[in-house]
Amino acid sequence: MSTSTTASVSTHILDTSVGRPAEGVAVHLSARTGRDARWRALGGSTTDTDGRCKDLPALPEGTTHVRLDFAVEPYFEKTAKKQADAQQDAPANRDSGAVFFPEVAITFAVNPGEHYHVPLLLNPFGYSVYRGS
């Protein structure tokens with residue numbers, strides 16, 4: 001929850017290659033108190049069956065920048081065979097099977113008192129992110 005002196009963050013992941021939430025993705029949250037400050041690891045969570053992280057840690061007072069690190073490689077390794085079998089000419093069947101983006105790191109600026117919902121739209125060969133509501 002944000003307060004007048006802190007911001008708050010939430011996220012979810014949608015696997016657009018199958019049109020479903022991405023379950024079981026580890027997400028780590030870091031923060032810093034200025035452009036030149038060191039990143040401070042705050043903790044993490046794992047996406048649930050709805051692709052959401054409902055228990056990300058609170059941001060400390062003075063946070064100006066936030067980084068979300070999504071560990072997507074294990075998710076795609078687990079789901080690639082199932083997806084490839086559903087589509088015989090899917091990239092997993094044509095290519096080496098290596099994950100193109102093994103992780104996704106999103107860094108953004110925050111202001112006290114604001115809530116930031118940052119959805120990740122993900123597929124094996126690309127991703128998109130935006131500030132949601």
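**Exercise 1. Is His12 buried, partly exposed or exposed, and what is its relative accessible area?**

Before we start, note that this is a predicted model, in which local features need pLDDT of at least 70 and side-chain atom pairs count only at pLDDT 80 or more, while totals for chains, interfaces and linings use all residues. Residues are numbered from 1 along each chain as its sequence is written, and side-chain values use heavy atoms, with hydrogens and water left out.

*Solution.* 
- Step 1: Recall the classes. Buried means under 20% relative accessible area, exposed means over 50%, and partly exposed lies in between (1.4 Å probe, protein chains only).
- Step 2: Apply them. His12 has a relative accessible area of 16%, so this residue is buried.
- Step 3: His12 belongs to strand E1; strands (E, at least two residues) and helices (H or I, at least four) are DSSP runs, numbered from the N terminus.
- Step 4: Look around the residue. Contact means heavy atoms within 4.5 Å. Beyond neighbours within four places in sequence, His12 touches Gly51, Arg52, His117, Val118, Pro119 and Leu120.
- Step 5: Pick out one partner. The side chains of His12 and His117 make a polar contact at 2.9 Å. Such a contact is a pair of N or O atoms within 3.5 Å; within protein, one must be able to donate a hydrogen and the other to accept it, and residues adjacent in sequence count only if both atoms are side-chain atoms.

**Exercise 2. Describe the largest nonpolar core.**

*Solution.* 
- Step 1: Define the term. A nonpolar core is a set of buried Ala, Val, Leu, Ile, Met, Phe, Trp, Tyr and Cys residues joined through side-chain atoms within 4.5 Å.
- Step 2: Count and name. The largest such core holds 27 residues, and Leu59, Leu68, Phe70 and Phe108 have the most contacts inside it.
- Step 3: Find the suppliers. At least two residues of this core come from each of E1, E3 (26–32), E6 (65–71), helix H1 (73–86), E7 (104–109) and E8 (115–123). E8 gives the largest share, four residues.
- Step 4: Link to a general idea. In soluble globular proteins, nonpolar side chains tend to be buried together.

**Exercise 3. Work out how E6 pairs with E3 and with E7.**

*Solution.* 
- Step 1: Two strands pair if DSSP finds at least two bridges between them.
- Step 2: E3 and E6 run antiparallel and are joined by seven bridges. Here His28 has Asp69 in E6 as its bridge partner.
- Step 3: E6 also pairs with E7, again antiparallel, over six bridges. On this side, His65 stands opposite Ala109 in E7.

**Exercise 4. How many salt bridges does the whole structure have? Examine some of them.**

*Solution.* 
- Step 1: A salt bridge is a side-chain nitrogen of Lys or Arg within 4 Å of a carboxyl oxygen of Asp or Glu. The search finds four.
- Step 2: Lys54 and Asp48 form one of them, at 3.7 Å from N to O. Lys54 is exposed at 68%, whereas Asp48 is partly exposed at 23%.
- Step 3: Arg67 bridges to Asp69, with the closest N and O atoms 3.2 Å apart. Arg67 is partly exposed at 22%.
- Step 4: Glu114 bridges to Arg131 at 3.1 Å between the closest N and O atoms. This pair links distant parts of the chain, 17 residues apart: Glu114 sits in the loop between E7 and E8, and Arg131 in the segment after strand E9 (126–129).
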